[in-house]
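Thanks for coming. I have one structure to go through today, and I will keep it short. Please look at the screen.

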Amino acid sequence: MMREKKITRTKGIILILTGSILWGVSGTVAQYVFQEQHVSVEWLTAVRLLISGMLLLGFSYRKEKRNVWAIWKDKKDARSLTVFSIIGMVPLQYSFLAGIQHGNAATATVLQFLGPAVITCYLAIHSKRVPTLKESCVVFLAVLGTFLLVTHGDIHRLSISGWALFWGLFSAVALAFYTLQPHILLAKWGANIVVGWGMLVGGLAFSFIHPPWEIEGHWSFSTYAGVVFIILFGTLIAFYFYLESLRYLSASETSSLSSAEPLSAAFLSVIWLGVTFDFVQWIGALFIISTIFILSAKKKDGKNVKEMGC
C-alpha cells in the first residue's frame with residue numbers, strides 16, 4: 001500500500017514539474033517568435049486561444065458528451081462564463097505575451113507570479129480585515145522582489161522597459177481575476193469545460209481585434225515549430241498535466257512545484273536567448289517565487305491555500 005502511494009505521488013510530481021517546465025519553455029519560445037521572427041502578439045493570442053480551446057473542448061467531449069454544451073443552458077452560468085472568457089482569459093493571455101514581447105520571458109513569467117500576492121491583498125480588503133502576519137510577509141516579499149527584479153536595486157533606473165513592467169504587472173492582476181472569478185463555475189462544471197470554453201469564446205472575441213487570418217512575421221520551419229510548440233505543448237499538454245497532477249497531489253503541493261515555470265523560463269532565456277540576469281535580479285525573482293511556498297504552507301486547521309493554475 002505504501003509502495004503504491006509512493007508511486008502515485010511520484011507520478012503526480014513528474015506531471016506537475018513537466019507541465020510547469022513546458023509552460024516556462026513555451027514563454028521562452030514565444031520570446032523567440034516575437035523578437036526574432038516578428039510574429040504578432042495579437043495574432044498568436046487569437047490563434048492560441050482558438051486552437052487550444054477547440055482541442056480542450058474536443059478532449060472534454062470524448063469524456064463528458066452533452067455536459068460540454070449544458071453549461072450554456074443556465075443563463076447565470078452562461079453570463080459568468082462570458083465574463084470569464086472576455087475579462088479573465090483574454091487579458092491574462094494577451095498581457096503575458098505582451099510582457100514577453102516588450103521584455104523577456106523570464107521577467108514576464110516572474111512578474112505574473114505576483115498574482116497570488118494580489119489575491120492576498122484583495123481577499124483582505126474584501127473581507128475588511130487586517131492582513132495576517134503570513135499575508136503581510138507575502139506582500140512585503142512580492143514588493144521587494146519586484147523592486148529588485150526591475151531596478152537592479154537602483155531606485156533611479158529600470159532594468160526593463162516601462163511597457164514590459166506595465167504588462168507584467170497587468171498580467172498579475174489578470175491572473176488574480178482569472179483565479180477568483182470562475183470558482184463557482186469550476187466547482188460545478190470542471191476545469192476542462194470552463195477553461196476550454198473560456199479559451200474558445202475569448203479567442204472568438206479577440207478575433208474581432210486581430211483576425212487570425214491576418215498573419216505577420218518571417219515564417220520558416222523554426223517559426224512553425226515554435227508556434228506549434230506553444231499551442232500544443234505549452235498550452236494544451238501543460239494544462240492537462242497540471243490537472244492530472246491534482247489527482248495525486250494536494251493543491252498546495254502543485255502550487256509549490258509550479259515554481260518550476262518561472263525558473264525554467266529564466267534559465268532557458270539566459271542560456272538560449274542571451275538574456276542577462278544579475279545577482280540582485282535573481283534574488284528578486286526568488287523573493288517573488290517564495291511567496292508561492294509561503295501561501296501553499298498548511299494552515300493550523302489542516303486546510304490548504306488552493307489556487308487555480310493557469
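Start with Tyr 178, which is buried at a relative accessible area of 2%. Buried means under 20% relative accessible area, exposed means over 50%, and partly exposed is in between, with a 1.4 Å probe and protein chains only. Tyr 178 sits in helix α8, residues 162-180; helices are DSSP runs of H or I, at least four residues, numbered from the N terminus. The C-alpha atom of Tyr 178 is 9.6 Å from that of Val 90, although the two are 88 residues apart along the chain.

A word on the source: this is a predicted model, where local features need pLDDT of at least 70, side-chain atom pairs count only at pLDDT 80 or more, and totals for chains, interfaces and linings use all residues. Residues are numbered from 1 along each chain as its sequence is written, and side-chain values use heavy atoms, with hydrogens and water left out.

Next, the cysteines. How many disulfides are there, if a disulfide is a pair of cysteine sulfur atoms within 2.5 Å? The count is 0. Cys 121 is in no disulfide, and its nearest cysteine sulfur, that of Cys 137, is 13 Å away. Cys 137 is likewise in no disulfide. Cys 121 is partly exposed at 32% relative accessibility, and Cys 137 is partly exposed at 33%.

Last, helix α11. Val 228 is found there, and Val 228 is partly exposed, with a relative accessible area of 47%.

That is what I have.

Key:
Helix = DSSP H or I, 4+ residues; strand = E, 2+ residues; numbered from the N terminus. Disulfide = S-S within 2.5 Å.
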